[in-house]
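Morning, everyone. Let's walk through one model, from the overall fold down to single residues. Please look at the structure first.

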Amino acid sequence: MSTVTEFVDVNVPVRTAYNQWTQFEEFPRFMEGVSEIRQLDDTHTHWKTEIAGIKREFDAEITEQLPDERVAWHSTDGEKQAGVVTFHRIDDTHTRVTVQMDFDPQGFVETAGDKLGVIDRRVKGDLHRFKEFIESRGGIETGAWRGQVDRPGI
């Protein structure tokens, strides 16, 4: 298992950053290699990706979601990965968005890419594109889901 942790500071309130992040079907607009995400229900998504010519589909489950604080997930099939996105209020108009993701590289290309820091740079780039996306909209999110998903066992 490999881990990547990256963050970006965005010039929007924490509520706006969080609200936009809950709009999973918008991810292809700022995540390189993600061609489609379908929200199946409140806690399940279906992903289609193509990275370095490798096409994959997998399902993911949201395991914890606290408005304006965090969204955690893990894959339920396909690529083995899990992660959490946290939202930290810097002040009334600035937020730090941090992504921590654990994943299991598959095959030679992914393992080599992981060792060379390609995954870290991809996540960092995706976060910077998220920053550009939400800030270019004047800090207005495309939607919001304010529901809560309690961590298993709570």
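Ground rules. This is a predicted model, so local features need pLDDT of at least 70, side-chain atom pairs count only at pLDDT 80 or more, and totals for chains, interfaces and linings use all residues. Residues are numbered from 1 along each chain as its sequence is written, and side-chain values use heavy atoms, with hydrogens and water left out.

Confidence. pLDDT is the predictor's confidence in each residue, from 0 to 100. The protein averages 90. Of its residues, 90% reach 70 or more. Among the elements, helix α1, residues 14-21, has the highest mean pLDDT, 97. Helix α2, residues 107-115, has the lowest, 60. Where pLDDT is low, the predicted coordinates should not be read in detail. Helices (H or I, at least four residues) and strands (E, at least two) are DSSP runs, numbered from the N terminus.

Now the sheet. Two strands pair if DSSP finds at least two bridges between them.

Start at β1, residues 2-10. Nine bridges join β1 to β7, residues 94-103. Val8 has Val97 as its bridge partner in β7. Val8 also sits on the covered face of β1, along with Ser2, Val4, Glu6 and Val10. The uncovered face carries Thr3, Thr5, Phe7 and Asp9.

Next, β4 and β5. Six bridges join this antiparallel pair. Leu66 stands opposite Arg70 in β5. Contact here means heavy atoms within 4.5 Å.

Is Asn19 buried or exposed? Asn19, in helix α1, is buried (under 20% relative accessible area, 1.4 Å probe, protein chains only), at 2%. Leaving aside neighbours within four places in sequence, Asn19 is in contact with Glu141, Gly143, Ala144 and Arg146. Its side chain makes a polar contact with that of Arg146, at 2.8 Å. That term means a pair of N or O atoms within 3.5 Å; within protein, one must be able to donate a hydrogen and the other to accept it, and residues adjacent in sequence count only if both atoms are side-chain atoms.

Last, Asp68. Asp68 lies in the loop between β4 (54-66) and β5 (70-75). Asp68 is not a glycine, yet has a positive phi of about 65°.

Technical notes:
Buried means under 20% relative accessible area, exposed over 50%, partly exposed in between (1.4 Å probe, protein chains only).
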